[in-house]
Amino acid sequence: MTRLLRPACNLDASAAGGIMNSYAQTTPWLPVRHELNDLIGYCQTMIARGWVTVVDWGGEVAGFIARHHGFVHALYVSAAARGQGVGHQLLRNAQMQENSIDLWTFQANTAAHRFYRREGFHEIERTCGAGNDENLPDIRFQWKRGQL
C-alpha cells in the first residue's frame with residue numbers, strides 16, 4: 001500500500017485523537033489525563049491552525065505530526081504502523097522544512113529517546129515534569145540542520 005504524506009483535514013481529527021488515546025490507554029507508566037473527546041478537540045484545534053501533517057496509508061491515518069515554528073507539539077503513530085517508518089517519514093519531512101526542531105518527551109519513553117537520537121536529535125534539558133499535564137519527568141530534544 002502507498003503511504004501519502006499530506007496536510008491534515010478536519011475529518012482527520014477523530015483518527016488523530018484516537019491514536020493519541022490508544023497510546024495513553026496502552027502505556028502503563030502514562031497517566032490518562034484526557035478523555036477521547038478532549039483529544040479529538042485538541043487535534044481539531046491543531047488542524048485548524050495548519051500545524052498537522054498525516055501519513056495516509058491505504059485511506060487510514062497511520063500517524064501524524066503537529067508542529068509550529070520549529071516546535072513539535074505531537075508526534076504519534078498508530079500501534080499497527082509502528083516500526084514501519086511512519087514516524088521517520090513525518091519527522092524527515094519536518095526536518096526538510098526547518099533549520100531547527102525542538103520537542104519534549106517523557107523520561108520514561110525510552111523508545112522515543114532511541115528514535116529521536118537515530119533521527120539526529122540531542123538531549124538539551126531535563127525537568128522534573130512540573131510543567132506538563134502528566135507531572136512526569138521529561139526531556140527536551142533538539143535537532144539543528146548541519147549538527148552532527
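Modeller: The structure holds 0 disulfides, a disulfide being a pair of cysteine sulfur atoms within 2.5 Å. Cysteine 9 is in none, and the nearest cysteine sulfur, that of cysteine 43, is 12 Å away. Seen from cysteine 43, that gap to the closest cysteine sulfur is too far for a bond. Cysteine 9 is partly exposed, with a relative accessible area of 35%. Cysteine 43 is buried, at 1% relative accessibility. Buried means under 20% relative accessible area, exposed over 50%, and partly exposed in between, with a 1.4 Å probe and protein chains only.

This is a predicted model: local features need pLDDT of at least 70, side-chain atom pairs count only at pLDDT 80 or more, and totals for chains, interfaces and linings use all residues. Residues are numbered from 1 along each chain as its sequence is written, and side-chain values use heavy atoms, leaving out hydrogens and water.

Now the helices. Helix α1 covers residues 13–26 and helix α2 residues 36–48; they pack at an angle of about 130°, with axes 8 Å apart. Therefore α1 is oblique to α2. Angles under 35 degrees count as roughly parallel, over 145 as roughly antiparallel, 65 to 115 as roughly perpendicular, and the rest as oblique. Ala13, Ser14, Ala16, Gly17, Gly18, Met20 and Asn21 in α1 meet Leu36, Leu39, Ile40, Tyr42, Cys43, Gln44 and Ile47 in α2, where contact means heavy atoms within 4.5 Å. By class, this contact has 9 nonpolar, 5 polar and no charged residues.

Note on methods. Axes are lines fitted to C-alpha atoms, for helices over the stretch in contact, and angles run from 0 to 180 degrees between N-to-C directions. Helices (H or I, at least four residues) and strands (E, at least two) are DSSP runs, numbered from the N terminus. Ala, Val, Leu, Ile, Met, Phe, Trp, Tyr, Cys and Pro count as nonpolar, Asp, Glu, Lys and Arg as charged, and the others, Gly among them, as polar.
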